[in-house]
Amino acid sequence: MEERATFNEEFIKEKRRQDMRHQVLTFSMLIIFTLISFGMVMSDLNAMFVRMVIILFAVVQVGFQLYYFMHMNEKGHGMPSLLFYGGCFAGFLTVLGLVVLTWW
Amino acid sequence: MSTLAASNKRSFWSVVWDYITTVDHKKIGVLYLIAGGFFFLLGGLEALAIRWQLVKPMNDFVSAGFYNELITMHGTTMIFLAAMPLIFAFMNAVIPLQIGARDVAFPFLNSLGLWLFVFGGIMLNVGWFTGGAADAGWTAYTPLSTISPGEGMDYYVIGLQISGAGTLMAGINFLVTIINMRAPGMTYMRLPLFTWTSFVASALILFAFPALTVGLFLMMFDRMFDSAFFDPAMGGNSIIWQHLFWIFGHPEVYILILPIFGVFSEVVSTFSRKRLFGYSAMVFATVLIAFLGFMVWAHHMFTVGMGAAANAIFAVATMTIAVPTGIKIFNWLFTMWRGSIQITTPMLYALGFIPTFTIGGMTGVMLAAATADYQYHDSYFVIAHFHYVIIGGTVFGLLAATHYWWPRMFNRMLDERLGKITFWIFFVGFHLTFMIQHFLGLWGMPRRYWVYLPDQGLDLGNAISTAGAFLMAIAVLILLYNIIKTAIKGEPCGDDPWDGRTLEWAVPIPAPHYNFKQVPLVRGLDPLWVEKMDGRKEMTPSEPLDDIHMPNNTVLPFVMTIGFFIAGFGFIYQKYDNALNALIFVGMGIALGAMLVRSLKDDLGYHIPKKELEKEARK
Ligand code: HEM
Ligand SMILES: [Cu+2]
């Protein structure tokens, strides 16, 4: 019993340490992405290219935010993910429909 | 019963204070019921005035301008301030009990949502006293709504914005509650259907209301700060409002009906003494309806000129919704088939609902045929369609829920005889009012006109329709009498008066404020019935008796709401005098200040010690 408890504690501690490492890692990635974005805007790169890269970065950052900081990577988040992706899908179709109907 | 004796002695104002600061979902449910009921009566009075104006040709009971205010405020009030809050009343009163939770996930937010709705509703109605309420229709089409003079439409914009924020919060709250707070064993596929449909309706709120919020913000800027989002002369586009409104508006009609499908599923199964036929098909149909509900908004805009291809796509998408709806109708019929049916008042409403709603669904499919809709659109045929689905569906369902859950909420049974009389008068009055309106529409009567000429074949139909409306009013008066009589003379009804199947009937009546002393273990669909079939009287607990953690009451949500309310007046009147901007700062200051207090001051709630719970058990 005793042994198992300490083992468990060890396990949780190790897991926390890992979590922390992930958090710090993703946080620095976010900052680096942001710096790169600012840098690209200030440089003379092709404007269209810069826009595309920034949008790509934005999507990745949202993903990091959701999966690492808001813990969607952990178990038991099936329903929130379903709602999230269902919402994205419905929202995508709606915006697409709206844009097509209005400007086509 | 020391708590009850104590509450008898409390002064009136301490009770008021208790309700203003409460975070208990059961009390918040009661407040939603009272406020929603009040607005239902108000909207009903407006409806009677409309019908009285139309009782004969060229009537002059009200002026044309006042008529516009009446129809606008009737629609807006009924949808946003009566139907939805009444649905929230029952969601609050019942869902935490049905899933075995001690409260909702965010009790603070629950209270905030309630007060935002109440003060948003008041705001909408202030217009009556400041030179005219909103008058551009509940759909507020631009440019009519952006050029409407006076402050009526400003009150519409700000009032809906405030109450809409409350609705959004309530929706999010119920989503999280149902995902996170289910008792052990209460898997998704064991959720009672009312919980399921409310869950899906909450998701619809989450995804649909932002479209309204955005639309209202754009309109607010057009009206109050001289922007031109909807003004084609300045490069805007007035059709976009219609899109935004219906992207919200069509899901909204499903927000109104889905929880009611849940109510009827519970009622039909309870009073047929059978488990619901095709439970998983019901769940599937609900989700499918919700999903399709987002893809059909443009069926309200067939005559706008979107083109044949767009019309065809939206027509077909709309008609598909009839399929899952049909699945549900058949499941209710099969649930009743060979059941031992008890004709109680809620069951009567369910029986009245099925054919009525089916008629409404069929006229819906007629309207969805885009080419035919060029004839129907903006005629009384559309009015008849949506009253068949909204009254025949939502209102029947709310009345059924009122009778069904009244003992759960108030420890009294409503008088069954009076209940049945109410039903029959309401049912007859309803069909008298709206059946003929299909034909009035087909005979050429347009909607939203304040008079019609004599001898065009419309006189008799309109007179019949008005007569029906007054029958419905009589039915509502009988219901009110029933409620008052029950409150004064009724006997406590005790636990489980309907021999129920779902968890809310396992909680003692009146419920302790922590709902479950020990959270129950759920062993199947219709958990209470499962235990009853095994010869037990109550649920098996899933945990040992222990301290219970409860949230503290708080006045902050109320204060925040007052802040937004004051700021709303500032936004509306700043165009007259820059000094009135002060109202915006004062109001927002109060609201943000209250938020700051909420963030900085830890409020960890309190514990009910185990000893006290044991003492109560021995009594
Ligand atoms: C079988 C399902 C349904 C179909 C196919 C359907 C179809 C339609 C169509 C095509 C219109 C537009 C008519 C026009 O303006 O020319 C309409 C209007 C309307 N429907 Fe339905 N409908 C259905 C169910 C419902 C339900 C369940 C509700 C509410 C609980 C509802 C509420 C409304 C309302 C409020 C309007 C009129 C809005 C306005 O212009 O003021 N409908 N329906
Ligand atoms: Cu619709």
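I note at the outset that the model is predicted.

**Entry 1. The interface.** I then asked which elements of chain B touch chain A. Those that give two or more residues to this side are α7 (152-180), α8 (193-224), α9 and α11 of chain B. By class, I recorded 16 nonpolar, two polar and no charged residues on the side of chain B that touches chain A. I also looked for salt bridges across the interface of chain B and chain A, and the rule finds zero. In terms of contacts, 18 residues of chain B meet twelve residues of chain A. For the size, I used the usual quantity: an interface is often described by the accessible area lost when the parts come together. The area buried between chain B and chain A comes to about 1200 Å². Carbon and sulfur atoms give 90% of that area.

**Entry 2. The copper ion.** Which protein atoms are donors to the copper ion (ligand 2)? I found His250(B) through ND1, and His299(B) and His300(B) each through NE2, at 1.9 to 2.1 Å from the ion. Along the chain, these donors follow the spacing H-x48-H-H. I placed His250(B) in helix α9 (residues 239-272) of chain B and His299(B) in the loop between α10 (279-293) and α11 (308-336) of chain B, so the pair ties together parts that are 49 residues apart in sequence. Both His250(B) and His299(B) are buried.

**Entry 3. The iron atom.** I turned next to the iron atom of ligand 1, for which I found a single protein donor. This donor is His385(B), whose NE2 lies 2.1 Å away. I located His385(B) in helix α14 (residues 380-410) of chain B. The distance from the iron atom of ligand 1 to the copper ion (ligand 2) is 4.5 Å.

Notes. Residues are numbered from 1 along each chain as its sequence is written. Chains are lettered from A and ligands numbered from 1 in the order in which they are written. This is a predicted model: local features need pLDDT of at least 70, side-chain atom pairs count only at pLDDT 80 or more; totals for chains, interfaces and linings use all residues. Side-chain values use heavy atoms; hydrogens and water are left out. Donors are N, O and S atoms within 2.8 Å of the metal (3.2 Å for Na, K and Ca); water is not among the atoms, so sites may look incomplete. Helices (H or I, at least four residues) and strands (E, at least two) are DSSP runs, numbered from the N terminus. Buried means under 20% relative accessible area, exposed over 50%, partly exposed in between (1.4 Å probe, protein chains only). Contact means heavy atoms within 4.5 Å. Buried area is the accessible area (1.4 Å probe) that two parts lose on being put together, summed over both. A salt bridge is a side-chain nitrogen of Lys or Arg within 4 Å of a carboxyl oxygen of Asp or Glu. Ala, Val, Leu, Ile, Met, Phe, Trp, Tyr, Cys and Pro count as nonpolar, Asp, Glu, Lys and Arg as charged, and the others, Gly among them, as polar.
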